[in-house]
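Hello,

Here is the structure for you to look over. My notes follow below it.

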Amino acid sequence: MNAAPTAPTPGQVAPQKRPWSAWRTLLIILGSVLVLLGGSLLVGGGIGLWAHQQRDGDGYYTAGPQQFETDTAALSVPSIDVDLTGPQVLSGQEMLGKIRLRAELMGADTPLFLGIGPSAEVAKYLEGVGHDELSDIDVDPFKATYTTRPGSETATDPAGQSFWVASDSGTGPRTLVWDVADGDWTILIMNADGSSGIDTNVSAGAKLPIILPIAIGTLIAGGTLLLIGLLMIVLPIAIRGTSTPAPRPTPGPQPMM
């Protein structure tokens, strides 16, 4: 036998759910955006930490070696513009680190020269000397594109020039290490005796101390945004699910006896 539903006792108030409002919808939308942004930052920070582990034993991120060749007297990489302004001038070295260039001539015993110098000085040194400028590189498959600058002059002794900020010359594998600095720079690869015809394998590396702090900062920011976004989604739903007492009915006038 089924029990009849119990009628509310006099004075008892039936619970009611809180009404849904526009601000709760807005919070959930904003929370969803923050969750997506925070998740993306976490992924980016994770990639940064992975990249930090890809350095070689000397702490350099490396690319190559790849083959570069020219029939002219020199191969240059012109206009490497490093612009450090304001507070970056003081922190540029610590944040950007060093560049390392390694090269070795293929099938030749001619001494090789590597140098980095101010672009204006290098251009003046190469004036009238036939050389190739590296204008583009395709990575996969590797392909180097050059712009040829014709000339009939013979290059003078490169190692004897005073404007190089970093240089190395000699037979066998050569290594150049440069502390990154503000300015407009050119990398020059040529035979140390100024003769024409260069066929060399080159690898480049860079120390980038900025990678690790950026990765850590991105992870912290991503985790914070993700947490805030989840709270903005969950709280309106949780508040909506709680019950509030319905307004107590106002007693009407009592009949006169």
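Leaving aside its neighbours within four places in sequence, which residues is Trp178 in contact with? They are Val82, Gly97, Lys98, Ile99, Ile116, Val165, Ala166 and Trp185. Contact means heavy atoms within 4.5 Å.

First, the ground rules. This is a predicted model, where local features need pLDDT of at least 70 and side-chain atom pairs count only at pLDDT 80 or more, while totals for chains, interfaces and linings use all residues. Residues are numbered from 1 along each chain as its sequence is written, and side-chain values use heavy atoms, without hydrogens and water.

The protein chain has 4 helices and 12 strands (DSSP runs, numbered from the N terminus: helices are H or I with at least four residues, strands are E with at least two). Of its 257 residues, 28% count as buried (under 20% relative accessible area, 1.4 Å probe, protein chains only). Among contacts with a separation of 6 or more, 85% join residues 24 or more positions apart.

Now the core. A nonpolar core is a set of buried Ala, Val, Leu, Ile, Met, Phe, Trp, Tyr and Cys residues joined through side-chain atoms within 4.5 Å. The largest one has 32 residues. Trp178 is among those with the most contacts inside it, along with Tyr125, Leu176, Leu188 and Met190. Elements giving two or more residues include helix H3 (119-125), strand S9 (174-179) and strand S10 (183-191). S10 gives the largest share, 5 residues.

Last, helix H1. H1 covers residues 22-52 and has 31 residues. Its buried residues are Arg24, Gly31, Gly38, Gly45, Gly48 and His52.

Best wishes

Key
Expected span 1.5 Å × (residues − 1). Buried < 20%, exposed > 50% of the residue type's maximum accessible area, 1.4 Å probe, protein only.
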